[in-house]
Amino acid sequence: MNTITDPMPTLDRRADASYLDFVEGFREYILGKGADFEDRLNAALLAEGERRGKPMDEIAPVRDYLRSLPLGRLRDRLARTQQEMKWYALWRSFDGQRDALRAELERWDARGPGRLQLEPDFVLPPYLNVHFHLQPGGYYKDELSGFLYHYGTKVFFRGDNDRDELHDKLVGLVPAPADGKVARILDLACSIGQSTTAFKRRYPQAEVTGIDYSAPMLRVAHRRAAMLGDDVTFAQRLIEETRFPDAHFDITFAFIVFHELPQRITRETVREAARVTRPGGLFAVYDFNETKSMSPFQLYHRDFDAAHNGEPYSQEFCDSDFDAILAEHGFRVAAQPLAKRAGGAGYMKHWFATRA
Amino acid sequence: MPDPQQRFSGQTPEGGVPLAGPDPVYLENPVLDATVRMVVELAAQVWVERERRLTLESLLAARGLLDLGAIESFKPDAAQATALKAERARFIEDVFKELRRIPATPGA
């Protein structure tokens, strides 16, 4: 079982860790310069656009052309395979120690610092019934969903976030409100609470709360924070209906949340963020770049990811004008794309929005 | 062996792009897809073994205990042989489970 200093769940066998180590390296290989799929396929798409005298900037011709190439189809096969391998190995490894992991969660539920607030009668809206990123059971149907997510995202970030370095860095980039007052912080859809605790360390005097719909995620979040000694609150609530008072928070935060929401819920959540963030307070969002700023290959990858990697709402998010949605709800927006790999990859953008 | 991809496959996302099911075919036919998956799986298994062997050799060498000749002449006892067979079955399942995914239907 885990030592008190490392909340990363321990795998059942050393061989499982080696296997996932391979998947992490293989993922780096096929997404990066190893197999060099992205640059070669993007060049092929650009050349095809030249040949047709029409840029490849719409998904239908991009998809048709890329799937006519054996290299494109093989790339899809391998992208899907590494994700399936990751979950196959992780689920088997955690399932093999299910009783021990269940006991581990029970042991931490009531321990502090910090507190866990679960709602026994919590109703999950149907839009959440997705196995995001092909995670078996999605984010809430397996009692071990939080452990699966923690190790799964370790592999996803390819070594850049083994000790929450990415969350620490991105939280560190969030500006304070202009008046400097930071007494309460809300982390929307906090999952296992890596941003939540990063905020607590940055603002030790502040009251920091992470909310999520998933009880298994929140239990792992609480265990992790308690192990690390961070006094934060994790509560089971919907981000589109938080039940906090008006103007309650100085900073409201959402890390790669909105692309997992239907547009209806995105708008409800922005409206809710506008309600609970005080005037002059900050709403900080990290999420995917918009379709309009994508290369032809990135267009293709977004489409593939949406349909083949459990991201059913991501396309509508990328196609939307999130700046405009924020502005409609009373936020003054500053946004710019993150440099490639500066924030984990070249696919993210931030919106630092001030509540008018 | 339960297949986690098959668990909880029912889902009802509202709107968005329809999700590919648990077993998409990307190449010309399911046999090619399974072949690629088996190759990647084999590479993973080879790495798992190599990582373990290098770990073992490092530990043994550090303790002055490694005798390469003893590896060549090793004969497992009955319990060890049974354990090795179970490991072998697990290994074969990992690599060749793809074969079960190929449907018994004509064409691709």
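Two residues are in contact if their C-beta atoms, placed from the backbone, lie within 7 Å.

Some housekeeping. This is a predicted model, where local features need pLDDT of at least 70 and side-chain atom pairs count only at pLDDT 80 or more, while totals for chains, interfaces and linings use all residues. Residues are numbered from 1 along each chain as its sequence is written, and chains are lettered from A and ligands numbered from 1 in the order in which they are written.

Now the chain interface. Chain A puts 38 residues in contact with 26 residues of chain B. On the chain A side, helices H1 (14-31), H4 (70-95), H11 (296-308) and H12 (314-319) each supply at least two residues. Helices here are DSSP runs of H or I, at least four residues, numbered from the N terminus. H4(A) provides the largest share of that side, 12 residues. By type, the side divides into 21 nonpolar, 9 polar and 8 charged. Nonpolar means Ala, Val, Leu, Ile, Met, Phe, Trp, Tyr, Cys and Pro; charged means Asp, Glu, Lys and Arg; the others, Gly among them, are polar.

Next, inside chain A. Domain 1 covers 14-111 and domain 2 covers 126-355, with bounds from an automatic or database domain assignment. Their centres, taken over C-alpha atoms, are 21 Å apart. The contact between them takes 32 residues from domain 1 and 26 residues from domain 2. Which helix of chain A gives the most to the domain 1 side? H4(A) does, with 9 residues. That side divides into 16 nonpolar, 2 polar and 14 charged.
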